[in-house]
Amino acid sequence: MDVIDLVRYNHVVRGLYFETMMKLPWKEMVRPRGASFDSMRNVFLHLTIVEDRWINYIIPDRFKDWKDPNFDDYKSFAQLREFMVLVHDSTENYLKKLSPEELNRPIIVPWGDKPDTRVSIETALSHMVIEDLIHYGELSALLWQMGMEAPYLGFWRYKYSTSQTKKSHHNSI
């Protein structure tokens with residue numbers, strides 16, 4: 001499986017969750033719900049922060065510059081969208097330059113079991129997406145508890161739709 005496809009799939013899924021949550025009043029987004037990061041806003045921010053931290057701090061060996069954001073600084077859907085787009089664009093810039101050699105490059109995991117815990121960038125990117133998938137499940141459960149339908153996009157359907165778009169683009173050239 002191509003990890004770059006998986007990261008891009010994650011971006012599409014994140015957008016679907018954002019669009020679904022925008023149907024809620026803001027007070028529902030920040031209401032304490034006993035989730036991993038308490039509110040829906042905080043869970044959504046966390047899964048976006050995970051990507052930001054890996055792409056912009058851990059992979060380029062800048063973790064010492066990382067500052068945990070204050071979730072309470074995000075007071076609107078506009079601020080959430082702005083951060084989501086910023087992280088997406090930064091990740092896309094990184095992915096465009098990613099080579100097979102870079103995917104295999106080992107990086108240090110700052111909170112690993114040992115001070116020199118190393119994983120490949122491919123493993124780091126896979127982990128980043130898998131962690132987000134866990135939190136999408138959590139957001140789905142919270143939406144269902146509120147009587148809302150959670151978004152769903154199977155990876156196979158994403159791959160099929162992107163391959164059809166590529167075929168359509170290729171045939172029109």
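**Aromatic pairs**

Modeller: Let's start with the rings: searching the whole structure turns up twelve aromatic pairs. A pair here means rings of Phe, Tyr or Trp (its six-membered ring) with centres within 6.5 Å; planes under 30 degrees apart are stacked, over 60 edge-to-face, and the rest tilted.

Colleague: Why is the pair of Phe63 and Trp111 called edge-to-face?

Modeller: The ring centres of Phe63 and Trp111 are 5.6 Å apart and the planes stand at 65 degrees, so the pair is edge-to-face. Phe63 sits in the loop between α3 (40-58) and α4 (77-97), Trp111 in the loop between β1 (106-108) and β2 (118-120), and the two are 48 residues apart. Those names come from DSSP runs numbered from the N terminus: helices are H or I with at least four residues, strands are E with at least two.

And keep in mind that this is a predicted model: local features need pLDDT of at least 70 and side-chain atom pairs count only at pLDDT 80 or more, while totals for chains, interfaces and linings use all residues. Residues are numbered from 1 along each chain as its sequence is written, and side-chain values use heavy atoms, with hydrogens and water left out.

Colleague: What makes Phe63 partly exposed?

Modeller: Its relative accessible area is 30%, so Phe63 counts as partly exposed; buried is under 20%, exposed over 50%, and partly exposed lies in between (1.4 Å probe, protein chains only). Trp111, at 45%, is partly exposed as well.

Colleague: And why is Lys64 called exposed?

Modeller: Lys64 has a relative accessible area of 67%, so it counts as exposed. Lys64 is in the loop between α3 and α4, and its C-alpha is 9.2 Å from that of Pro110, 46 residues away in sequence.

**Helix packing**

Colleague: How do you know that α1 and α6 are roughly parallel?

Modeller: The axes of α1 (residues 3-21) and α6 (residues 121-145) come within 10 Å and cross at roughly 25 degrees. Axes are lines fitted to C-alpha atoms, for helices over the stretch in contact, with angles from 0 to 180 degrees between N-to-C directions. Under 35 degrees counts as roughly parallel, over 145 as roughly antiparallel, 65 to 115 as roughly perpendicular and the rest as oblique. α1 and α6 are therefore roughly parallel to each other.

Colleague: Which residues of α1 and α6 meet?

Modeller: Among them are Val13, Tyr17 and Thr20 in α1, and Leu133, Tyr136 and Leu143 in α6; contact means heavy atoms within 4.5 Å. The residues of this contact divide into 14 nonpolar, four polar and three charged. Here Ala, Val, Leu, Ile, Met, Phe, Trp, Tyr, Cys and Pro are nonpolar, Asp, Glu, Lys and Arg charged, and the others, Gly among them, polar.

Colleague: What makes Thr20 count as buried?

Modeller: Its relative accessibility is 8%, so Thr20 counts as buried. Leaving out residues up to four places away in sequence, Thr20 touches Leu143, Met148, Glu149 and Pro151. Leu133 in α6, on the other hand, is partly exposed at 37%.

Colleague: Why are α1 and α3 called roughly antiparallel?

Modeller: α1 and α3 pack at about 160 degrees, with axes 12 Å apart. α1 and α3 are therefore roughly antiparallel to each other. Their contact includes Phe18 in α1 and Phe44 in α3, and Phe18 and Phe44 also belong to one aromatic cluster with Trp26 and Phe77.
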